[in-house]
Amino acid sequence: MAGAKPIDRARRAAYEVLRQVHEHDAYANLVLPKLLADWSLTGRDAAFATELCYGTLRATGTLDAVLAAGSNRPLAKMDDTVRDALRLGAYQLLYTRVPAHAAVSTTVGLVRSTAGAGSASFANAVLRRVAGADLDGWLDRIAPDADADPIGALAVRYAHPEWIVRAFAAALDDVPAPPGNGATADETGTSTAGAPVAEPTGTGTAAQPAADSPAQPDADAAAEPDTAAQPGADAEAQPGTGSVAGAELRAALAADNDRPVVHLAARPGAIDTVELARRVGGERGRYSPYAVYLPGGAPGELPELRDGLARVQDEGSQLVALALAAAPLDGTDTSWLDLCAGPGGKAALLGALVAGRGGRLTAVEAAEHRAELVRAAVAGLPVTVLHADGRAVGERPELPAGGFDRVLLDAPCTGLGALRRRPEARWRRSESDLADLVELQRELLAAACCAVRPGGLVGYVTCSPHLAETREQVRAALADPPVPLAAVDARPAFGAGLPQLGEGPTVQLWPHRHGTDAMFLALLRRTG
Ligand SMILES: C[S@@+](CC[C@H](N)C(=O)[O-])C[C@H]1O[C@@H](n2cnc3c(N)ncnc32)[C@H](O)[C@@H]1O
C-alpha cells in the first residue's frame with residue numbers, strides 16, 4: 001500500500017462537505033463557506049477545498065462510473081464514507097493536476113482515519129486502478145458509443161444525468177449527431193476554459209464562498225467560487241447557429257461545469273451600477289441596468305450587501321423581472337403581485353420599481369421561513385408580504401381576483417437552469433419530481449391569471465428550460481384558460497442588445513448564450 005499521508009485541512013474540508021451533502025441532504029454552497037470560516041481556511045487552501053468539493057459534486061455521476069469500473073465491489077455496497085473519499089480521490093486523479101501519488105496517499109489516509117485499515121487497503125487498490133488512465137482514457141472506456149447512444153455518451157462525458165441532457169436537447173431543439181457526422185466539438189468534455197488546479201503551495205487568491213442563505217439555495221442566492229478543471233467548455237460549439245447538430249447542446253452542458261460569475265443587483269434608487277462596481281471592484285453587467293459582475297471575493301461580506309444597497313442575484317433573474325415591469329400596459333399600473341416571492345430577490349427589484357411608479361407590491365410566499373427572508377429583502381420598500389398559498393387568490397381580501405395590474409409567477413420548478421450554481425443539484429433532482437411540480441405550476445398559473453385585472457399582464461417565470469415547465473405549461477394555459485388570455489411577445493420587453501432571443505413569443509435565456517441562468521419568461525395578457 002502507498003504511504004498513507006495524513007490528510008490536509010483543505011481536503012478534509014472538501015470531504016466533510018461531501019459527507020454533509022450526501023448524508024444530510026445539505027447544500028454545498030451553504031455548508032462550505034461556513035466550514036471554511038470555522039476552520040479559518042483562506043487563500044489557496046480555501047480555493048483548493050472549494051475546487052475539490054464543487055468539482056467532485058458536479059462530476060459525481062461520471063466519477064461513480066469510473067469507480068464502478070475500477071472496483072470489484074459495487075458502489076452501493078461500499079461504506080458511504082469510503083465512497084465519498086474515493087470520489088474525492090478519483091476527482092483529483094482525473095480532473096486536476098494534483099500528482100497521482102498525493103491524490104492516492106491522502107485519500108488512503110482519509111479512509112484509514114474514518115473506516116480503518118481494511119478499507120484503506122481497498123481504497124488504495126481502487127485508486128491505483130483509476131490512476132492507470134487519464135480522463136480521456138476512462139471516458140473512452142465507460143461512455144456509451146456516441147453513434148448508438150448519443151445522449152448517454154454526452155451524459156457521461158459532461159457529467160449530467162441523461163434525463164437532463166434529453167431535456168436540454170429538447171429545449172434547444174438540438175439533437176446530438178454522432179462524431180464524424182458534422183460534430184466538431186471536443187468530445188471529451190474536458191475544460192479548455194481554465195488551467196487544471198494544482199495543490200496549494202501557500203498563499204494565493206481568495207476563494208469566493210457562496211452567498212449565504214439561511215434557507216435552501218436559490219438561483220438568486222447562490223454564488224460560487226473558483227473551479228478550474230471541470231468537465232467543461234466546448235471550444236468549437238457554436239451556440240445558436242444550429243450549424244452543427246449537437247454543438248449547442250454540448251455548449252449548454254459545458255456551461256453548467258464552468259465557474260459561474262457572481263452577479264449582484266443594485267437596488268434601484270439606492271445605488272447605481274457605476275458606483276456599485278467601483279465599490280466592490282466589479283464590472284457593470286452587460287444587459288441588466290442593475291447588474292454588476294463580481295470577479296472574486298466573498299459576496300456575503302460586502303458592506304453593500306449587508307446595508308441593503310445590493311443583493312446577489314443572477315442577471316437572468318433580474319432581466320425577467322425587469323421585462324415584466326417594462327412590457328407596455330394600458331390603464332393603471334400601481335398594484336403589482338409576486339405570487340411566489342421567497343427568498344425575495346425579484347420582490348426586492350419589483351418593489352423598488354413599483355415604488356418609482358407610486359405603487360405597491362404584494363409578495364406572497366407559502367413557506368414561513370422564506371416569507372421572513374422576503375420581509376428582510378424588501379425592508380423599506382412599499383411591499384406587503386403575505387405568508388400564504390398563492391393558489392388562494394380570490395379567497396382572501398389581500399389577494400382579490402382581478403385586483404392586480406402586473407403579476408409575477410416565479411414558479412417552484414426543477415431548477416435545471418441554475419445547475420452551475422448548485423453543484424450537487426443535478427444528481428439530487430430526478431425526472432419523477434416533474435409531475436408534482438408541473439401540477440403545482442399549472443394551479444399557480446391559473447391563480448396568477450385570475451389575480452390580474454382585464455388588460456393586465458402575467459409574467460410566468462421558471463429557472464428551468466425543461467419544456468414541461470416552460471412552453472408546454474404556457475400552451476396548456478392558453479388552450480384551457482381560466483380567464484380570457486393572449487400571449488404577448490416577451491422579446492421587446494428585454495430591450496435591445498440581448499442576443500439570441502429566439503422566435504418568441506416566450507424567451508429562454510441560457511448560460512452558454514447569455515452568461516445568465518437558464519431563466520424562462522412568458523408574458524400573458526388578460527383580455528377579458
Ligand atoms: C422559484 S422560487 C421564487 C424565487 C423568488 N421569486 C426570488 O426571486 O427570490 C419559488 C418559491 O415559491 C414558493 N412556493 C411554493 N409553493 C407555493 C405556493 N403554493 N404558494 C406560494 N409560494 C409557493 C417556494 O417556497 C419558493 O420560495
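This is a predicted model: local features need pLDDT of at least 70, side-chain atom pairs count only at pLDDT 80 or more; totals for chains, interfaces and linings use all residues.
Good morning. Strand β8, residues 404–410, pairs with strand β9 in the parallel sense over six bridges. Here two strands are said to pair if DSSP finds at least two bridges between them. On the labels, helices (H or I, at least four residues) and strands (E, at least two) are DSSP runs, numbered from the N terminus.

Residues are numbered from 1 along each chain as its sequence is written.

Let me stay with β9 for a moment. Strand β9 is also joined by six bridges to strand β12, residues 520–526, and these two run antiparallel. In that pairing, Val 458 stands opposite Leu 524 in β12. Is β9 enclosed or open to the outside? It is largely enclosed by the rest of the structure, because eight of its eleven residues are buried.

Cys 463 lies in the loop between β9 (452–462) and α19 (471–479). The UniProt annotation "active site", from an unreviewed entry, covers Cys 463. UniProt positions are given in the numbering used here, feature names are shortened, and annotations may be inferred rather than shown by experiment. Cys 463 counts as buried because it has 27 C-beta neighbours inside 10 Å.

I turn now to the ligand. Which residues come nearest to it? Of the 22 residues around the ligand, those are Cys 340, Gly 342, Gly 345, Lys 346 and Gly 390. A residue counts as near when its C-beta atom, placed from the backbone, lies within 6 Å of the molecule. Helix α15 (345–356) and strand β6 (360–365) each supply at least two residues of this shell. By class, the shell divides into nine nonpolar, five polar and eight charged residues. For these classes, Ala, Val, Leu, Ile, Met, Phe, Trp, Tyr, Cys and Pro count as nonpolar, Asp, Glu, Lys and Arg as charged, and the others, Gly among them, as polar. The unreviewed UniProt entry also carries a "binding site" annotation, and the residues it covers include Cys 340, Gly 345, Lys 346, Glu 365 and Asp 410.

Cys 340 is found in the loop between β5 (335–338) and α15. It is buried, with 24 other C-beta atoms within 10 Å. Leaving aside residues up to four places away in sequence, Cys 340 touches several others, among them Val 364, Glu 365, Gly 390 and Asp 410. Contact here means that the C-beta atoms of two residues, placed from the backbone, lie within 7 Å. Gly 345, for its part, has its place in helix α15, and is buried with 25 other C-beta atoms within 10 Å.

Another loop residue is Ala 493, found between β10 (485–488) and β11 (507–508). Ala 493 counts as buried because 21 C-beta neighbours lie inside 10 Å. Ala 493 touches Ala 323, Ala 326, Ala 327 and Leu 523, not counting residues up to four places away in sequence. Ala 493 and Leu 523 are 30 residues apart in sequence and 9.5 Å apart in space, C-alpha to C-alpha.

Finally, the whole chain. The protein has 20 helices and twelve strands, and 57% of its 528 residues count as buried. Among contacts with a separation of 6 or more, 75% come from residues 24 or more positions apart. The domain assignment gives domain 1 (9–136), domain 2 (262–312) and domain 3 (315–526), with bounds that come from an automatic or database domain assignment. The C-alpha centres of domain 1 and domain 3 lie 39 Å apart. Their contact takes eight residues from domain 1 and five residues from domain 3. On the domain 1 side, α2 (28–38), α3 (43–58) and α4 (60–70) each supply at least two residues, and α3 gives the most, with three. Thank you.

Conventions:
A residue is buried if 20 or more other C-beta atoms lie within 10 Å of its own, exposed if 12 or fewer, and partly exposed in between; C-beta atoms are placed from the backbone.
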